[in-house]
Amino acid sequence: MDRNFTLAVAFICCAMVLIPGGDAAGKILTAEIGVSPFFVAWSRFLIGMLVFLPIVARFDPRLYLDWRIWLRGAFITGGIASILTALRTEDIANVFAIFFVGPILSYFASGLLLKEKLDHRRTVLLLVGFAGVLLVVRPGPDMGIGALFALLAGIFYGSYLTASRWLATRARPLEMLLSQLMIGTALLTPMGITALPAYSPALVIPVLISAFGSAIGNYCLVLAYRRAEASRLAPFIYLQLISATVFGVLVFNTWPDAWALAGIALLLTSGFATLALRPKN
């Protein structure tokens, strides 16, 4: 395994813990405290922007004249707003399971649009992982509006992952992260201000965890996608479901059943089996 790919895997594994952690805090805000998902999404982008703005040594306003940067920012904005809406009514593990249409979309879109070579072995492993997703979520006629928002979040997220790979060399990682934070803040400000809740000390910690988990996690994603193709990294995105299930148990006392555990086993198998694959010449 080459060094760049090893680093990419390390970064993406960190992201797969931080992002669900931020979303667990978001679920506390929306489902238990009753805060609007749009406020949570807006505060997440705003706080992240304020934290990373002074860290970025070079700010190039010309970056924001590139429509592709705005498209990528809109994808992640839509994904975060949708998943926070889904978490308001659905269990976190179920939301993330449905959300995993995103890596499938990213894998095939990267081959179709970015002309990345799709290895049939990785395709099979990715589909095995997706079978695990189906065991966890078991879709059917009882799926509610929250499940539909989770599906929408997955579509947005898969598009964002592909766009991140497409624009991986457009700017430095911190500049790319700052761009999505600024764009997300701009797009969500009207709805965020409208849904501004009354101040309460109980809001502070989950708002900060939601913001920092998302910002640092997505920065790790930017670093990962600079080092490896989206098609090679796609199966590792499934590790998010493992983290989401653990957070569901520890934070919300929602335990996976036997079918969900079987699905998680398939997801782990498909993800870690990619480590044994060698690139074809």
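Modeller: The charged end of arginine 68 sits over the ring of tryptophan 166, 5.5 Å from the ring centre (the test is NZ of Lys or CZ of Arg within 6 Å of the centre and within 35 degrees of the ring normal). The model is predicted, so local features need pLDDT of at least 70 and side-chain atom pairs need 80 or more, while totals for chains, interfaces and linings use all residues. Residues are numbered from 1 along each chain as its sequence is written, and side-chain values use heavy atoms, without hydrogens or water.

Tryptophan 166 also takes part in ring pairing. The structure holds six aromatic pairs (rings of Phe, Tyr and Trp, its six-membered ring, with centres within 6.5 Å; planes under 30 degrees apart are stacked, over 60 edge-to-face, the rest tilted). In one of them, tryptophan 67 and tryptophan 166 have ring centres 6.0 Å apart and planes at 65°, so this pair is edge-to-face. Tryptophan 67 belongs to helix 3 (residues 67-87) and tryptophan 166 to helix 7 (residues 145-166), so the pair ties together parts that are 99 residues apart in sequence. Helices here are DSSP runs of H or I, at least four residues, numbered from the N terminus. How exposed are the two partners? Tryptophan 67 has a relative accessibility of 58% and counts as exposed, whereas tryptophan 166, at 38%, is partly exposed (buried is under 20%, exposed over 50%, partly exposed in between, with a 1.4 Å probe and protein chains only).

A second pair is made by tyrosine 157 and tyrosine 160: the centres are 6.1 Å apart and the planes at 25°, so the rings are stacked. Both tyrosine 157 and tyrosine 160 are buried. These two tyrosines stand three residues apart in helix 7, which separates them by about one helical turn. An α-helix has 3.6 residues a turn, so residues three or four places apart point the same way. Ring pairs join Tyr157 and Tyr160 with Phe96 and Phe99 into a cluster.

The whole structure has four cavities of 30 Å³ or more (sets of 1 Å grid points where a 1.4 Å probe fits but cannot get out; lining residues have an atom within 4 Å of a point). Helix 3 gives the most, four residues.

Another charge sits elsewhere: lysine 27 lies over the face of phenylalanine 252, 5.7 Å from the ring centre. Asparagine 253 is in the loop between helix 11 (239-252) and helix 12 (258-273). Asparagine 253 has a positive phi of about 55° although it is not a glycine. Most residues other than glycine have a negative phi. With a relative accessible area of 54%, asparagine 253 is exposed.

As for confidence, the mean pLDDT (the predictor's confidence in each residue, from 0 to 100) is 86, and 94% of the residues reach 70 or more.

Notes. 1 Å grid on protein atoms, 1.4 Å probe; cavity = no way out; pocket = protein on both sides within 12 Å on 5 of 7 lines; lining within 4 Å. Points joined across faces, edges and corners; volume = space filled by probe spheres on them.
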